[in-house]
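User: Could you walk me through this structure with me? I'd like to talk about helix packing and then charged pairs.

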Amino acid sequence: MKKYFSLVLFAHSVFALPFALIGFFLAVHTTSYSFEWIKLVLMLVCMVTARNAAMAFNRYLDRDIDAKNPRTVMRDIPAGRISARQALLFTIINCAIFTGATYLINPLCFYLSPIALFVVLFYSYTKRITPLCHLVLGVGLGLAPIGAYLVVTGQFNIIPVFYGIAVMTWASGFDIIYALQDEEFDRANNLNSIPVRLGTKNALRVSECLHVISFIFVVLPAFYMHVSWFYYLGLAFYGLLLIYQHRIVSPTDLSKVDRAFMTTNGIASVIFAVFYLLDVIFLQ
C-alpha cells in the first residue's frame with residue numbers, strides 16, 4: 001500500500017479535495033437536500049479513486065519519458081519499485097471503484113462518470129499533442145466542486161460551476177509554474193507545454209492571468225448567495241497566496257518552484273475551504 005501511495009502522490013489530493021468539500025456543503029447549505037454521511041463518504045471515494053486512476057495512468061504512460069528525465073528518473077516505475085503492469089492494474093481497479101461509487105450515488109453521476117474518467121485520463125496524452133495540456137489538467141480538477149454538488153442534488157447550478165472554473169484556472173496556472181522545471185527537457189524531447197511554446201517569462205505571465213481569473217471566479221459566488229466576513233477573509237488569504245507564489249518564482253530564479261507548487265497551493269485551497277465552512281456554520 002505504501003508503494004501505491006508513493007505512485008499516486010496521495011498528498012496531491014489536497015489541491016481539489018477542499019473544493020469538492022465546498023461543492024458538497026454548498027449543496028447542503030443552499031438547497032433543501034439534507035446532509036447524509038453516506039453521500040459524503042461516496043463523494044470522498046470518488047475523489048480519491050479518480051485521483052488515483054489519473055496519477056497512476058500518468059505514471060504508466062510516461063514511464064519511458066520519466067526514465068530519461070533526471071528530475072523524474074527515481075519515480076516508482078523507472079526505479080523498479082512498481083511494474084508498469086501493476087500501475088495499469090491499479091488504474092483499472094480505481095476506475096471500477098469510481099464507477100461503482102457513482103452508481104450508488106445517483107443516476108446522473110453514474111451517467112457522467114465515463115466523461116469524468118475520460119477527462120482525467122486523457123490529460124496524460126495531452127503534452128504529446130498540445131501546449132494547452134495544463135488546461136486539460138485544470139478541467140479535470142475543476143470537475144471536483146461540480147461533481148460534489150451533483151452528489152447531493154443530482155442537478156446543475158451556476159455557483160459550483162463558478163468554483164469549477166476557479167479551480168480549472170488556478171490548477172492550470174500552477175501547473176504551468178511546475179512545468180518550468182522541465183522546459184529544456186520537454187523541448188529536447190518534442191513534448192508540449194506553455195513554457196516550451198512561449199518561454200519562461202511569457203509562461204509566467206499566462207500563469208498570472210489564469211490566477212487572476214481564478215480569483216475573480218471565487219469572488220463571483222458572493223454575488224449569488226449570502227456570505228459572511230469569514231468568506232471574505234478566505235478570499236483574502238486565497239488571493240494573497242496566489243500573489244505570493246508569483247513573488248517567489250521568477251524567470252531568473254526557479255529554485256522555489258516546488259514551494260510554489262505544493263506548499264503554497266495546498267495551503268491556499270485548504271484555508272479557503274476552512275473559511276468557507278466557517279462561513280456556512282456562522283450563517284446557520
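This is a predicted model: local features need pLDDT of at least 70, side-chain atom pairs count only at pLDDT 80 or more; totals for chains, interfaces and linings use all residues.

User: Okay, at what angle do α2 and α8 cross?

Analyst: The axes of α2, which covers residues 17-30, and α8, which covers residues 133-153, cross at roughly 35° and come within 7 Å. The crossing of these two helices is right-handed.

User: And which residues meet there?

Analyst: On the α2 side they are F19, A20, G23, F24, L26, A27 and V28, and they meet A144, P145, A148, Y149, V151, V152 and T153 of α8. Sorted by class, the contact of α2 with α8 comprises twelve nonpolar and two polar residues, with no charged residues.

User: What about α6 and α7, how are they arranged?

Analyst: Helix α6 (residues 84-105) and helix α7 (residues 107-126) have axes that come within 8 Å and cross at roughly 150°. Because angles over 145 degrees count as roughly antiparallel, α6 is described as roughly antiparallel to α7. The crossing of α6 and α7 is right-handed.

User: Who makes that contact?

Analyst: From α6 the contact takes in T91, C95, F98, T99, T102, Y103 and I105, while α7 contributes C109, F110, S113, A116, L117 and L121. By class, the contact of α6 with α7 has nine nonpolar residues, four polar ones and no charged ones.

User: Switching topic: how many salt bridges are there?

Analyst: A search of the whole structure finds eight salt bridges. One of them joins the side chains of K39 and E36, at 3.8 Å from N to O.

User: Is K39 buried or exposed?

Analyst: K39 counts as buried, because its relative accessibility is 17% and the cut-off for buried is under 20%.

User: Which side chain does D62 meet at 3.2 Å?

Analyst: That is K127, whose side chain meets D62 in a salt bridge, with 3.2 Å from N to O. The pair links distant parts of the chain, 65 residues apart, since D62 sits in the loop between α3 (37-61) and α4 (63-68) and K127 in the loop between α7 and α8. D62 is buried at a relative accessible area of 1%, whereas K127 is partly exposed at 22%.

User: And where does R128 come in?

Analyst: R128 also forms a salt bridge with D62, the closest N and O atoms being 3.0 Å apart. R128 lies in the loop between α7 and α8 and D62 in the loop between α3 and α4, so this pair ties together parts that are 66 residues apart in sequence. R128 counts as partly exposed at 34% relative accessibility. Through shared partners, salt bridges join D62, K127 and R128 into one network.

Technical notes
Residues are numbered from 1 along each chain as its sequence is written. Side-chain values use heavy atoms; hydrogens and water are left out. Axes are lines fitted to C-alpha atoms, for helices over the stretch in contact, and angles run from 0 to 180 degrees between N-to-C directions. Helices (H or I, at least four residues) and strands (E, at least two) are DSSP runs, numbered from the N terminus. A crossing is left-handed if the near helix is turned anticlockwise from the far one by less than a right angle, and right-handed if clockwise. Contact means heavy atoms within 4.5 Å. Ala, Val, Leu, Ile, Met, Phe, Trp, Tyr, Cys and Pro count as nonpolar, Asp, Glu, Lys and Arg as charged, and the others, Gly among them, as polar. Angles under 35 degrees count as roughly parallel, over 145 as roughly antiparallel, 65 to 115 as roughly perpendicular and the rest as oblique. A salt bridge is a side-chain nitrogen of Lys or Arg within 4 Å of a carboxyl oxygen of Asp or Glu. Buried means under 20% relative accessible area, exposed over 50%, partly exposed in between (1.4 Å probe, protein chains only).
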